[in-house]
Amino acid sequence: MSTLLEVSGVSVSFDGFKAINNLSFEIGPAELRAIIGPNGAGKTTFMDIVTGKTRPDEGDVLWGEKSRSLLKMNESQIAQAGIGRKFQRPTVFEDQSVFDNLLMALKKDRAPWKVLFYRETAEDRARVGELAEEIGLADQIGRKAGELSHGQKQWLEIGMLLAQEPRLLLVDEPAAGMTLAEREHTTDLLKQAARTRAVIVVEHDMEFVRRLDCRVTVLHEGSVLAEGSLDFVTKNQQVIDVYLGR
Amino acid sequence: MRILLAALTFLCLVATAGAQDIAADGPAATPLQSLLKEHRAAIEQGARRGIGPAIEALRDSGLPEARLILEKWQARELWLRKADGLFFLAESAEGGYRLTDPATGEAAGSATRDEVIQIRPNSGIRAVLAGALVQFQLTDPNPAVRAAALDAIARRSEAGHLDALRAVLEDEPDPRLKARKARLERLLTISFDPDPDARIAAIEGFAGDIGVDVRAALNPLVATTRAVAPGEPPAGENIARRLSPGSEALPREAAYAMLVEAGLAPPRIGRAEIRAALAAHVEGGRVGGVPVAELNSDAARERAYAGLAAAGLVPAHLTEAGIDAALAAHAFYDRYAEADPRVTEAAADALAAIALMVGVNQMADLALDALSLASIYFLAAIGLAITFGVMRVINMAHGEFIMMGAYTGYVVQQFIPDYTISILVALPLAFAITFGAGVAMERLVIRWLYNRPLETLLATFGISIALQQLAKNIFGTQARPLTSPAWLDGSLVINDVVSISYIRIAIFVLALMFLGLFLFIMRRTRLGLEVRAVTQNPRMAASMGINPDRINMLTFGLGSGIAGVAGVAIGLYAKVTSELGQDYIVQSFMTVVVGGVGNIWGTLLGATLIGFLQKGIEWFNPSNTLAAQTYMILFIILFIQFRPRGIIALKGRAAGD
Amino acid sequence: MRQSFVAKNPSVLVFLACLGLFTLGVSVLSEGMGIGLISTSFVKTLGKTLCLCLVAIAMDLVWGYAGILSLGHFAFFGLGGYMIGMWLMYARTEGIVAASLSNAEIPPTPDELRSAIANQIFGVVGSSDFPAIWVFAHSLPLQLALVVLVPGLLALVFGWLAFRSRVTGVYLSILTQAMTLALALYLFQNDSGLRGNNGLSGLQNIPGAEGVPQSVISVWFLWASAAALGLGYVIAAFVVSGKFGSVIRGIRDDEARVRFLGYSVEGYKLFVFTLTAVIAGIAGALYYPQAGIINPKEIAPIASIYLAVWVAIGGRGRLYGAVIGAALVSLLSTWFTGGRVPDLPLGFYTVSWVDWWQVLLGLSFVLVTLFAPKGIGGLFDLVAGRRAPDRHGADLGPDPGALREKEAER
């Protein structure tokens, strides 16, 4: 299996605190992976590094078949290269309609000049409609995103991610604050997405991870503690120590 | 040694002469009178030109009365009796004057108005008299008189003073005066000693001395005048340097102008002259064969002029080659006024050494200036650093709080005339008033706009323009004085180059006090702890029982109060107007931004950087403070490119990325 | 395509119609072209107001839509004025000098002509040479190009530096203010080449139109200003209507999110910043020939802050709001500070509006910011029955420029 993303020996520290310590990680082109770990394990910082928000002090992040280093690219270039990110709290453009939100995310030329003279085609409208259908917001398409419920915003954000057609999806605690039914829907969405692309889910909730039914990486103090199936890692003594306390 | 011998001989002569005086009888016989009589014509005539020998003779006579006579002469109290040509001191009496013999102080009868003439020296002669009197004053028992004499010599020195100074140097009892005398003697040696070696020795002794007096003595030695001579410069000239025409030091045009001025070459015919000549020779719409309408180019004008020259109406146009030949045939050079090359060389060397020392001292002076500017910026910015740095609230009305503080100082002085007390009252009062204003503003406006920094910026700007106009309505547009106490007047003079005014020192001390106060409040008090807690995590702080509203209110009040105190300090040396605050607001923001938000040391560094930068740029281009400010702002804009979060930046998640 | 743009922005047609009616009405009532009910100086005031509305639109684009509170757009406005002023002053002085030299016995050479013009223009700052920046001043087309190029390039360079290093929020505001201050201080110098604090004057005299009375010229400029405003409004509406508008509003509310969508936020900001600087420059180039004089005081940072005030009072994030705010506040300011408003006796104190208008403006601005973030534009929402969403005080995004709850529409 070839690798899509390879993080090797990455470290970063904030004011002396090592948030990520010699972390190495790999994921293939069509794989669902959950990352779990206690608070402060470096999960969010890991995502920040991959998406270009934080520059690591050392190590390298390589991307795609040509193994391009992501460290030389900025956030928007990384996003254009095919890495989509969903934040912990739903971040959609609340003053704009669901349609506008999705349209903005559609994979199109992002240069200002092209965007200025862009007018949506019937094809684009159809694609947005499709996506809205997929995330269950077809009947909300004209509403302002700010008016949606918490769960609907999460889905809209996932829909925007799908519209970007990324090759790697980074999803930060997608199930936080959702009802049971919403969780199931979310699980389906993620599993569906992982058939054609790589998906990394950062999650606290073991039940949700179990439902995802995938390989799990456990982070602790900025480096990988264990990796394998959920059952495998939950039997690992170190993992138990970390989660239950010594 | 030789000088000493001469002095001894002189003293002996005087002693014998003095012995004879007492033996003589009557005013006519005194040596004084005979001396005066000898120079009667010059004294009576009172012309500046011929008076020199008379005064010198009196001065050098060694007579004990010489000083008195010179003083009385200078004071217009010397009278001449026409009948016998004797001089007397006189005072008005019935029917004329009562005369006193100057030598003995005895009464010498009286005279009617017509019998005597008052000697009225003009100002020029009085100055010469003063110069001559210096010699006597140098040995006066009163040290103040001696010091005054030294001052007089330093102001206008002449060759005669040198010997006088040397004569009295050894006998000076006061060590400070003695040092001054010795220094003055060396300065005079440079200017007047006939012996070049002595001069060179004196010059070399002053190497590295940055006194203004030394530079004043040395500079005339190396002063040059520009000269031109046919062929080679005449021998015996002390030439500073040769100049070649067409170089940067001597442009070709200027060189030729020198030739013309020295009468060594015919004047050049410039464009203006050509134009005037053409205008004078218009005949029937043509000049020199060229139609007037075509004369709108230089080439056509040259042609027309050539035509006129060919007709003999105007002098021929000088060719460039002719000019070159004329220039080549002459030598251009700068020559020293001082003839001795060894002296000029020594003076130039000494001046170079002095220039280096002056440069070093100027740097020190500049550093002091920069430091005081930095403390002003720090003082103006520290309140802002609290409100902007700690609370992330931008207060455009900060400058107006500074203004309010300054006006408080002004108003207090209207009620308390003693400046010292009024400043002592004004400082806490300004703090109280601006603290109140700050709290009111926080309660009424800012707390509704937390997390909306841009709206806060605009709302506080609204308050700023309202306050500014209010101040204008109350106090008028003209500047109001805020006078500093007398003990803050003047400056601390370290040497002729380095000095700093006491007000600036006071502001520096005040800035240090505020730094200390801020550190104390933030690190040692409950309030500081709570402020830091609220800054870092308001929600967590609230859940620990801290009331963030109260903390914000107090922090804002504190920042505003410090602005008010800064206003009093700034008002002491700047004019108090309604626009006072505006002048500091941008610099204050720059200070905080450059230093790094949320860190008092950053503010300190920012103020230092900006203060030194501004003074440094002003040093490069001292005539243009506007340009200095422009370049400083440009530098800051570029600086922020490289350190967007300031010198001391918060890192990591706390920075609020 | 075109239809959808108008259909999406019905306000554009309404605005253009109002503007057209206004211009026509003023022309008919003017001294120069109509029945003379409106004095020439007031026609000029109205023409200038239209230019201020145009620069307010630029400000609204950059602040109301893209969330960049620029305190430098009046500097661009002033630069535009300086650029056109250079030609106006040069060409007019050239005419005067040529006329005076034509009486001389000998016709002047081009060099003499040029130095006579330079002497005339720069005599006040003790110079008689043309500074290098006047090299194009003889040519109207080149100088017109500079009206666009100089503010545009300055904005491009400054914006590139600022946005590249991710300076945002109040930092950016202060930085733009510093830029404005630097420019103003530079222009205050006598050797800046633009006549120091004397500025450029006599700009109301249009070379080549010496025979035309000012009353007619004022109407010409009114038309030109109205045309520029109309065009500017359409361009601005076009920019904010489509996907581009979505993106810049996204940048205003949540810049990081836009970046993670793959848009280069810096490029968009730079585009908007530069475009609006150009619009501001054009507005300035139309304003100052009507004002007659431009000097560095016009560029001082406070002018740019007032611009933000106008937009805020009119209601940011809506183009007609900016126009209304600029027109209303600047006309009211002229009225109040012109001393023609009767004093208000309070018994114990008589309020003279010349003195108290600034206080009133400052306080009302605070009130608008606190209680009516929608500004005057909010009145239209009352009429249209649009309401703000109930978000329990939450803003629509995490960025400092994001819309506030009360500013948004449901």
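How much area do chain A and chain C bury between them, and what percentage of it is on carbon and sulfur atoms?

## Basis of the model

This is a predicted model, in which local features need pLDDT of at least 70 and side-chain atom pairs count only at pLDDT 80 or more, while totals for chains, interfaces and linings use all residues. Residues are numbered from 1 along each chain as its sequence is written, chains are lettered from A and ligands numbered from 1 in the order in which they are written, and side-chain values use heavy atoms, with hydrogens and water left out.

## Chain A against chain C

Chain A and chain C bury about 3200 Å² between them, with 59% of it on carbon and sulfur atoms; buried area is the accessible area (1.4 Å probe) that two parts lose on being put together, summed over both. In chain A, the residues that lose the most area to chain C are A:Phe93, A:Asp95 and A:Arg119, together 21% of what that side buries. The contact (heavy atoms within 4.5 Å) takes 34 residues from chain A and 32 residues from chain C.

Three salt bridges are counted between chain A and chain C, a salt bridge being a side-chain nitrogen of Lys or Arg within 4 Å of a carboxyl oxygen of Asp or Glu. The side chains of C:Arg166 and A:Glu75 meet in a salt bridge at 2.8 Å, N to O.

## Chain B against chain C

Helix 19 (residues 453-475) of chain B packs against helix 7 (residues 169-188) of chain C at an angle of about 45 degrees, with their axes 8 Å apart.

Terms used. Axes fitted to C-alpha atoms, helices over the stretch in contact; angles between N-to-C directions. Helix = DSSP H or I, 4+ residues; strand = E, 2+ residues; numbered from the N terminus.
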